[in-house]
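Here are my notes on the model you asked me to look over. Have it open beside you as you read.

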Amino acid sequence: MRIAFTSDIHTDHHEANRVVWEAMVALLRELEPDVFVCCGDIAADETRFGVTLMALERVACPKLLVPGNHDVWLRNAAWLQRGITSQHKYYRLLPALCREAGIHPLWLEPYVLDEVAFCGSLGWYDYSLRNLALDTQFSVQDYRRKTFQEHRWNDREFVHWLAPPPAGSSPRRRLSDEAVTTHMVRELVQHIQAIPAHVRHVVGVTHMLPFRAMMQYRHTTQQDYFAAFMGSERLGEAFLACDKVALVLAGHTHRQVSVQLRHLRAMTSPVGYVQQWGGKDPAVVAQERLRVVELETGS
């Protein structure tokens, strides 16, 4: 089975990102893979998110997607005032936009293609992928602040995972990153456990990184402080617990990664930001970052 995939398209970041995406869609039509998978971070703006996905109408193969953290950002103050949360985007708005574009919202339901099942989640971070060498400098509370000196992790401002409304008129509290991760992992495990008996191979899809082996530590305090927000080892444990998982596709990091861990291979192939392309033409970026992997499905 030929699986094409990418992530971190960020079509609301720069016009060049949109040019890369147009080139990728054209390449997909030429390559005719068996399935296309996008591992999140399409666009924070919901209109741009929908427009980006509609371009895939020209691609004939099944199209699967999980959102990224940017995709659940809420930057409209009026939405928050009306009680709209990141959960609303994750469970209602984004699935509707996917279905309108003919794309399967993989985080809500696995997708089975012949003897292969795809199971996905945005995932989240619980600081378990932090640089452990910094444990003498940073506590859990330091990571929960999502701020180092003058630098800020933007999820602090734009992501609003809120607990159910309490009794009375008290404001809703934010869920901790650990609680969000627990919820995401629980849903992912339920999806893996629910795959039909005839499925012989499982492809896991997350936005967040699931394995420490996929991390790259810079060994500077500032850069490695933010490494704590890259993913969770618990996502990886969910995949490693199932012998049928042969491949895991992820995003979030803007580096191409490929690592072998026991019975599975874990990979990324992001677009990222224009300043990270080393001056390359968008057409070249599209060719390099639309990755095709062969999944052996024979006996």
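Predicted model: local features only at pLDDT ≥ 70, side-chain atom pairs only at ≥ 80, totals over all residues.

1. Let's begin with helix α1, residues 15–31, and helix α10, residues 282–289. Their axes lie 8 Å apart, and the two helices pack at an angle of about 55 degrees. That angle makes α1 oblique to α10. The crossing of α1 and α10 is right-handed. On the α1 side, the contact is made by Ala-16, Val-19, Val-20, Ala-23, Met-24 and Leu-27. On the α10 side, Pro-282, Val-285, Ala-286, Gln-287 and Arg-289 take part. Sorted by class, the contact of α1 with α10 has nine nonpolar residues, one polar and one charged.

2. Next come helix α7, residues 177–193, and α9, which spans 233–240. Which way do α7 and α9 run relative to each other, parallel or antiparallel? The axes cross at roughly 10 degrees and come within 10 Å. The two helices are therefore roughly parallel to each other. α7 passes α9 in a right-handed crossing. From α7, the residues involved are Glu-178, Thr-181, Thr-182, Val-185, Leu-188, Val-189 and Ile-192. They meet Arg-234, Leu-235, Ala-238 and Phe-239 in α9. The class tally for the contact of α7 with α9 is seven nonpolar, two polar and two charged residues.

3. The crossing of α2 and α4 is right-handed. Glu-46, Phe-49, Gly-50, Leu-53 and Met-54 are the α2 residues in the contact, and they meet Lys-89, Leu-93, Leu-94, Leu-97, Cys-98 and Glu-100 of α4. By class, the contact of α2 with α4 holds seven nonpolar, one polar and three charged residues.

4. Now have a look at Phe-229, which sits in the loop between α8 (221–225) and α9 (233–240). Leaving out residues up to four places away in sequence, Phe-229 touches Tyr-125, Tyr-127, Tyr-143, Lys-146, Trp-153, Met-208 and His-252. Phe-229 and Arg-144 are 85 residues apart along the chain, yet their C-alpha atoms are separated by 9.8 Å.

5. Leu-295 is another one to check, in the segment after β13 (291–294). Its relative accessibility is 8%, so Leu-295 counts as buried. What does Leu-295 touch, not counting residues up to four places away in sequence? The list is Met-1, Ile-3, Val-116, His-201, Val-203 and Ala-246.

6. How many disulfides does the structure hold? The count is zero. Cys-39 is in no disulfide, and the nearest cysteine sulfur, that of Cys-38, is 6.5 Å away. Cys-39 is also buried, because its relative accessible area is 0%. Cys-61 is likewise in no disulfide; here the nearest cysteine sulfur is again that of Cys-38, 12 Å away. With a relative accessible area of 10%, Cys-61 is buried.

7. Lastly, a couple of backbone angles. Most residues other than glycine have a negative phi. His-10 has a positive phi of about 50 degrees, although it is not a glycine. His-10 is found in the loop between β1 (2–6) and α1, and with a relative accessible area of 2% it is buried. His-252 also has a positive phi, near 75 degrees. His-252 is placed in the loop between β10 (245–250) and β11 (257–261), and at 7% relative accessibility His-252 counts as buried. You have met His-252 already: it is one of the residues that Phe-229 touches.

Notes. Residues numbered from 1 in each chain as written. Heavy atoms only, no water. Axes fitted to C-alpha atoms, helices over the stretch in contact; angles between N-to-C directions. Helix = DSSP H or I, 4+ residues; strand = E, 2+ residues; numbered from the N terminus. Parallel < 35°, antiparallel > 145°, perpendicular 65-115°, else oblique. Left-handed = near helix turned anticlockwise from the far one by under 90°. Contact = heavy atoms within 4.5 Å. Nonpolar A, V, L, I, M, F, W, Y, C, P; charged D, E, K, R; others polar. Disulfide = S-S within 2.5 Å. Buried < 20%, exposed > 50% of the residue type's maximum accessible area, 1.4 Å probe, protein only.
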